[in-house]
Amino acid sequence: MLLAAAGALALACVLTELVRRLALARGLTDAPAPHKAHRRPTPHLGGTAVLLATAVTGALACLLGGVRPDGATAALFLTGCAVGAVGLVDDLRPLGPVPRLVTETLAAAVLAAVAGLGPLAGAAAVVWIVLVTNAWNLLDHADGVMASVATATALATAACAALAGRPATALLTLVLAGALTGFLTRNWPPARIFLGDCGALFAGYVLAGAAVLAVSAEGGGRGLAVLPALFAVVLTDTALVVVSRLRAGCSPLRGGTDHTAHRLRLLRLTPRGTAVALATASAATATAALLVHAAVLPPWTLLALLLAAVWAVRLLLRVPVYRTPAPTGPLGRVAGPRTEARLPDAADRAPSLDG
């Protein structure tokens with residue numbers, strides 16, 4: 001399996017550079033916009049390299065390594081490719097949220113059915129997978145952040161799947177971790193290519209689905225504790241922006257430079273330091289989830305992660321990221337221009353849920 005991950009890493013390095021050059025030649029770039037912080041057009045089809053590297057390396061590993069994919073893992077990969085394909089279409093011609101959500105819901109429903117989950121567990125799994133998939137897509141807002149956090153999560157998820165007796169699922173997530181690491185060679189700050197919806201949705205869906213398969217045999221309490229702990233960083237970021245935007249009177253669907261990474265940048269962390277900090281946090285929380293999954297720690301110990309997440313959201317909400325009204329003169333007229341918190345540089349980005 002480690003050899004397969006190394007192969008995915010090498011292949012993703014090559015494919016990412018090829019995709020980057022092709023995108024530049026064809027003008028397929030993410031243009032700067034008011035709700036984004038990058039200032040130059042940047043290719044945004046890096047997810048195709050991650051998907052292809054995962055598919056090719058995973059298939060070769062199964063053929064040559066003797067790992068036989070079970071029905072649920074095969075369904076996870078195929079439905080993940082469908083979700084990634086819709087994301088690619090959205091990268092090329094924005095579709096809006098409805099087609100993406102419909103595809104994700106149908107894909108998750110197919111996975112739940114093939115995995116043999118009951119009606120109640122299946123419905124909960126569908127809601128969970130769609131929620132986490134879109135949370136990962138939201139996390140793709142800053143150079144190196146989504147791929148590094150997802151790599152740490154994928155490694156822990158692979159270990160959980162191996163402990164649960166799902167070698168094919170472990171192989172898939174391990175190969176995905178390798179592909180994301182290879183992509184990071186071009187996405188590390190300053191990024192020369194972005195994942196785009198294709199890569200963010202594909203990776204997010206596969207991770208969410210693999211985690212469900214890994215804990216589906218667990219007891220209710222242990223499984224319910226492991227799932228959110230595996231994705232603590234990405235779920236905390238989503239909670240932060242939703243709460244922040246609602247408090248500011250903004251739509252949660254809007255884009256903006258108000259994510260965790262953007263706030264850390266305003267607190268003077270460097271782009272690379274921000275990516276390292278969030279990846280380290282993800283590795284720590286995912287490791288805790290793995291220890292609970294392996295019954296080394298009791299499920300209630302993960303309450304500390306919940307308290308830490310709430311504390312982090314409360315602290316990060318204090319970082320000013322929205323425009324503030326300018327002071328007014330004695331007659332109520334605006335005495336100066338409106339101001340907005342600015343990032344120290346343009347290394348970060350912020351997508352919108354509506355494309």
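Which residue forms a salt bridge with Asp-197? Hold that thought for a moment, everyone, while I say what we are looking at. This is a predicted model, where local features need pLDDT of at least 70 and side-chain atom pairs count only at pLDDT 80 or more, while totals for chains, interfaces and linings use all residues. Residues are numbered from 1 along each chain as its sequence is written, and side-chain values use heavy atoms, with hydrogens and water left out.

Now, the partner of Asp-197 is Arg-100, with the closest N and O atoms 3.9 Å apart. By salt bridge I mean a side-chain nitrogen of Lys or Arg within 4 Å of a carboxyl oxygen of Asp or Glu. Asp-197 sits in helix α8 (residues 196-215) and Arg-100 in helix α4 (residues 97-114), so this pair ties together parts that lie 97 residues apart in sequence. Helices here are DSSP runs of H or I with at least four residues, strands are runs of E with at least two, and both are numbered from the N terminus. Asp-197 and Arg-100 are both buried, which means under 20% relative accessible area; exposed is over 50%, and partly exposed falls in between, using a 1.4 Å probe and protein chains only.

Searching the whole structure turns up seven salt bridges. Another of them joins the side chains of Glu-17 and Arg-186, at 2.7 Å from N to O. That pair links distant parts of the chain, 169 residues apart: Glu-17 is in helix α1 (residues 2-26) and Arg-186 in helix α7 (residues 167-187). Glu-17 counts as buried because its relative accessibility is 11%.

Next, please find Asp-258 and Arg-245, whose side chains meet in a salt bridge of 2.8 Å, N to O. Here Asp-258 is in the loop between α10 (232-247) and α11 (260-266), and Arg-245, 13 residues away, is in helix α10. Both residues are buried. Back with Glu-17, salt bridges that share partners connect it with Arg-20, Arg-21 and Arg-186 in one network.

Let's turn to the backbone. Most residues other than glycine have a negative phi, and most peptide bonds are trans. From Pro-189 to Pro-190, though, the peptide bond is cis, with omega near -5°. Pro-190 is in the loop between α7 and α8.

You'll find Arg-268 in the loop between α11 and α12 (271-293), and it is exposed, with a relative accessible area of 67%. Ala-295 also has a positive phi, near 65°. Its place is the loop between α12 and α13 (303-316), and Ala-295 counts as exposed at 51% relative accessibility.
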